Amino acid sequence: MQDWRTYEPLLIPSIKDLHKIDVYEKNGGYQQLKKVLSDKEQTPEAVTNTVKNANLRGRGGAGFNAGLKWSFMPKPDGGPRYIAANGDESEPGTFKDRMIFEYNPHLFIEGALIAAYAMSIDAVYVYIRGEYRSWITMMQKAIDDAYAKGYIGKGIMGSKMNCEMYVHMGAGAYICGEESSLMESLEGKRGYPRVKPPFPAQKGLWGRPTTINNIETLANVPLIIKNGSEWFTSIGAKGHPGPVLYGISGHVNRPGVYEYPSGMLITELINDVCGGVRGGKKIKAVIPGGSSTPPLRGDSLDGVRMDADSLRDAGSMMGTAGMVILDEDTDMVDLVWRISHFYHHESCGQCTPCRDGTGWLEKTLLKIKNGEGEIRDLELLLDICFQMEGRTICALADAAAWPVRYSVARFRDEFEARCKKSIYAVA
Amino acid sequence: MEKFEFNKAERDHIEKIIARYPDSQSAVMPVLWMAQEKFGHVEPDVQKLVAKTLDLPEAHVYGVASFYTQYYKEKMGKYVLDVCTCLSCQVCGGYDMLHYIEEKLGIKAGETTEDGMFSIQSVECLGACGYAPMMQITNDIYVNHLDKAKVDKVIETLKQGKMPEFEPIPMRVAEKS
Amino acid sequence: MPEIFIDDQRFEFEGNPKVLQFVLDQGLELPFFCYHPSLSIPANCRQCFVEAGTPVFNRETNSYELDENGDRVIRWFPKLMTSCSLEATDGMVIKTHRSSEKVARGQKDTLEFILINHPLDCPICDQAGECPLQIQTYKYGPEGSRFEHKKVHKPKRVQLGPNVVLDAERCINCTRCVRFTDEISKSKQLSIVSRGDKNYPLTAPGTEFDDPYSLNTVDICPVGALTSTDFRFKARVWEMNQTPGIDMTGSKGTNIDLWVRNNLVMRITPRYNPDVNDHWMPDEARKDYRRINENRISRPSIKLDGEQVKTSWNNAMLTFNEETGKVKPSEILVIGSPHASVEDNYVLSKFFNRLGVSDVHFANDIEKGRGDDFLITDDRAPNANGCRFLGFTEHDPAALGKAVSASGVKMVVILGDDLIGRGAFPAEAVQGKFTVFMGTNNCDTSNAANLVVPITCSAEHAASYINEAGRIQRTIPAKETVYTSRRLNLEMSLGRLDHFATKFDNWESDDNKVDCIPAWEFLIRLVQETGGDLTYTSSREIMDEIASAIDTFSGVSFERMDDEYGIPLKKENQPQGKTV
């Protein structure tokens, strides 16, 4: 495996003004799109296979093989087909796609167009959370420039390919990062996740075949087309290869978004990349991939790497690689209460277990936080989590339950210390 | 009573928005945004205008507007200070900043100053976790790395009717050791 | 045929049914809230959980894989599945709460969640007694609550529109009401607003829920969140008898239930008929209970010195027979009614045929533009087709008015139709002509009549009506008259109180019983009075005679109507009505 110290960023390389289309072009931009459009061997199937073999796992959280997802699209029947590019980026701790919007929007656009070619797509809708208004402006500028240069629109680069690209601005709803909810939102409705089946590839946007990919996922596509799937699988962790934008926040000296190969040691990321924990303090916990991923104890980080397999073995998940580092002074009860508050606020309210469970979790955690809790409330919390997990249309209920379940399990002493002695306790 | 309508140029722009989608319902979010930009809120009468413009049931527009938190269903201050208090911002002093701003402006989160200049909201993660604590001003500029001095400066700038400058995301690379 | 195993019991199925509907169709129970057979499936309440699995099929051997016991290897879905949205597939194995602890726990858990923010105000809630949430909580819910916090508060007593009141705290967000206005009535007046546990259905600000079908949302609301402005707090469900009937306010033939307490109809709700009205009915038609309860003609009356004076049945019959004796058959104008039943009209026609009057007339009751493409019709009468199929001469009201005014007419007999009130002719038109009105409610026509005979209305007799599509359907007596008794009349339905209560538990009094008899019964009594031999003991018998006498009605009987949700009369048998 290549040493991370010598790794040169590919998604956000340090090239000045790369967000400008002429700079992007000068640095080999849109050549991969040209390649798939002009090279006879680069049939849509071949492109899909290349991406599939690269084992590009979705960077939005679920980690599903992107090429495999593309291959679920039915054969073109003449009707419209869509890509929804997911730039909702609302999971607390996640702030990486914004880097692409600001520093390398054309890489994403090129990737999206290659995906559009591979799946015979008519239009790409780039769904960006409303809070990112400044970056929506940047993205729109990049798209306008690409239209002007003939990379988007009718007869792309002189080929027969037609594809439109639009930005759709969210308006403050975490749930719209969930793919079916995102489609509902694009269709101008309340962001209620859809019941599956039918899956988006069969019946997506406006009832037509649709693929939803994360922004970072699509930005990886030109790299794969350029260098091949074998090159891609050689980067980083075997089961979860490729460059990853690590968004690292919390109690580290130099938080921010860093691009490194997947499979980085968490300790390396904290100590070497981010300059260690603020004030030289000990690590109490690390949330590895956004607020929904189970927090790991600071004393269990040895050898844990940022890839799906290693994190699964350690008892968590890769998620969005939005890592939150928490030092020894962190109040875990307070933290978990705030996470629960988030999910309570963001539950769309469609399914019973999530709508009412998230509120119950928050209220119970608030009670414990305020010193009113009893030991039995901890059992209740675990029970509520059990009653929510896997019982809803989308995974928000699971996302709300996991941080609570695993925090109570892994930091139980801290929770117990906050509970008052039950009035029913026998001495 | 204030009358809400779109002028010809705006209506033309709306037609262009609608053209991006297979149906006009899909344009409801962008048009609500347009309306909020123009009127500063999407109170019921504005929602009615959007419904009429897009030929949608009013209840549908109301349902959508009330689902998404960034649409202001009632009038807000000229500057809405959305202070992030979620996760990374929470552990990096987001609540301290929120309370400092509350104290400074003499209002609580969810309230608007009497002169109508400022509203404060405690909001969920804004996706700037590495630059915590931070806030967003009226659905627009992100102000990162807040401390008391920076809050003072920002509020001063806003009082003069200017928005703070856009802060580029810091480009990070590990310090080579 | 494809097969499915539900709790180890094998069933065969056709097509692509959803598991929940299939289970219900087998007469088995599965709890659910948001599912409704006529609406889209959101699968949001998460109550109809089942465990589901499919057999593992080996393509190479072209057979199901078997385990060491020779049973099929089942691949179980890892999560509990919502049966409402789960499509049945060949060989599928389903475990319900009857055979799976996991499912029973899932259903209990969902109910616990629903109840944490649901006010426990059943004692003052209109829905209590017919509340799916209440029933299912008793059957499948947790025994107590572990929720020790403040419930979410939402608006209460919101007058959504003229007919519907919302209590948002009771709402469990099943979205049935929103889907109804989106998919069935298409008014799209409701939306769920806000988000998460603050969700509830509402109209847009400043707008009213004035959908002409708004009260259907009250029917399908699985809790007491939506209640009827008109009915709320009037009666508890268990105090009422529920009797099937037919709507009398239009020609759609909407199937209804009449809810009766102490011989007053307290409310009317739609009754499922897949071929007529599905699960729905218009709001306006629900108000018809007032016609049944209020301003009824009770006891016969005759006009003396310009005033209606109550008289005895005996005197009424004597007067009628004397008056018919004074005129020639050609001087009697007999007017049937699209508002009266087939049986009443038939016996009216038969009675006057015996007297030598060959023609029976009727005026249609059409209000152009009233109808929609759904359940409201231009025709305001439930049985115009009944009159047509009996061969009556159809007039528009004005034309009938002319016929009444004709100088040759000395006697006018009107069956259950306020012709003067609805403007067919002015009261003066019948001046000097002996006018008999057989009707249910006091009205302009009864005021003008020389003899008024009170007859039973649709809620008091068993009788048939033919809707605009030629479908014959019948009513069942829902309330007693002075001459009928719920316990003695086998045609009447008995409610819980009739079966189980002592007489002190019951609300019954004689106050609300109307002194009236079916029109046919009055007519045959007239015959018997003069020694004639026209005899029927029930409307059932009359229908049997009609069925054998008139081609259009061949094969029709009350039993068949009951079994088959009414009978569409054969098109080829239908005569073209005579129109003037």
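## A partly exposed aspartate

C:D230 is partly exposed, with a relative accessible area of 27%. Here, buried means under 20% relative accessible area, exposed means over 50%, and partly exposed is anything in between (1.4 Å probe, protein chains only). Before going on, a word on the model: it is predicted, so local features need pLDDT of at least 70 and side-chain atom pairs count only at pLDDT 80 or more, while totals for chains, interfaces and linings use all residues. Residues are numbered from 1 along each chain as its sequence is written, chains are lettered from A and ligands numbered from 1 in the order in which they are written, and side-chain values use heavy atoms, with hydrogens and water left out.

Where does C:D230 sit in chain C? Look in the loop between β13 (226-228) and β14 (241-246). Helices (H or I, at least four residues) and strands (E, at least two) are DSSP runs, numbered from the N terminus. Not counting residues up to four places away in sequence, C:D230 touches C:Y289 and C:R290; touching, or contact, means heavy atoms within 4.5 Å. C:G386 is 156 residues from C:D230 in sequence, and their C-alpha atoms are 32 Å apart in space.

## An asparagine in another loop

Now hop along to C:N295, in the loop of chain C between α7 (289-293) and β17 (301-304).

Setting aside neighbours within four places in sequence, C:N295 is in contact with C:T440, C:N441 and C:N442. C:P244 is 51 residues from C:N295 along the chain, and 23 Å separates their C-alpha atoms.

## Chain C as a whole

Chain C has 580 residues, and 58% of them are buried. Its elements come to 16 helices and 28 strands. Taken along the principal axes, the C-alpha atoms fill a box of roughly 95 × 60 × 50 Å. Among contacts in chain C with a separation of 6 or more, 65% join residues 24 or more positions apart.

What about the surface of chain C? Its accessible area is about 24,300 Å², with 49% belonging to carbon and sulfur atoms. Areas like this come from the Shrake-Rupley method with a 1.4 Å probe, and for residues only the protein chains shown count as cover. Chain C also carries 67 positive and 84 negative side chains, and the centres of the two sets lie 4 Å apart. Lys and Arg count as positive and Asp and Glu as negative, leaving out His and the chain ends; each charge is placed at NZ of Lys, CZ of Arg, CG of Asp or CD of Glu.

## Chain B

Chain B has seven helices and four strands, running α-α-α-α-β-α-α-β-β-β-α from the N terminus on. Of its 177 residues, 56% count as buried. The C-alpha trace of chain B spans about 60 × 45 × 25 Å along its principal axes. Two domains are assigned to chain B, domain 1 (8-67) and domain 2 (79-159), and their C-alpha centres lie 29 Å apart.

Chain B exposes about 7,800 Å², 49% of which comes from carbon and sulfur atoms. Its side chains include 20 positive and 27 negative ones, with 4 Å between the centres of the two sets.

## An arginine from chain A meets chain B

A:R338 belongs to helix α13 (residues 332-346) of chain A. Which residues does A:R338 touch, not counting those up to four places away in sequence? They are B:T85, B:C86, B:L87, B:Q90, B:Y95, B:V123 and B:E124. A:R338 is buried, with a relative accessible area of 1%.

## Nonpolar cores

A nonpolar core is a set of buried Ala, Val, Leu, Ile, Met, Phe, Trp, Tyr and Cys residues joined through side-chain atoms within 4.5 Å. The largest one has 196 residues, and those with the most contacts inside it include A:W70, A:F108 and B:Y68. Helix α6 (residues 105-119) of chain A gives this core its largest share, 11 residues. Apart from it lies another core of 54 residues, among them C:W313, C:L523, C:M561 and C:L569.

Methods: Domain bounds come from an automatic or database domain assignment.
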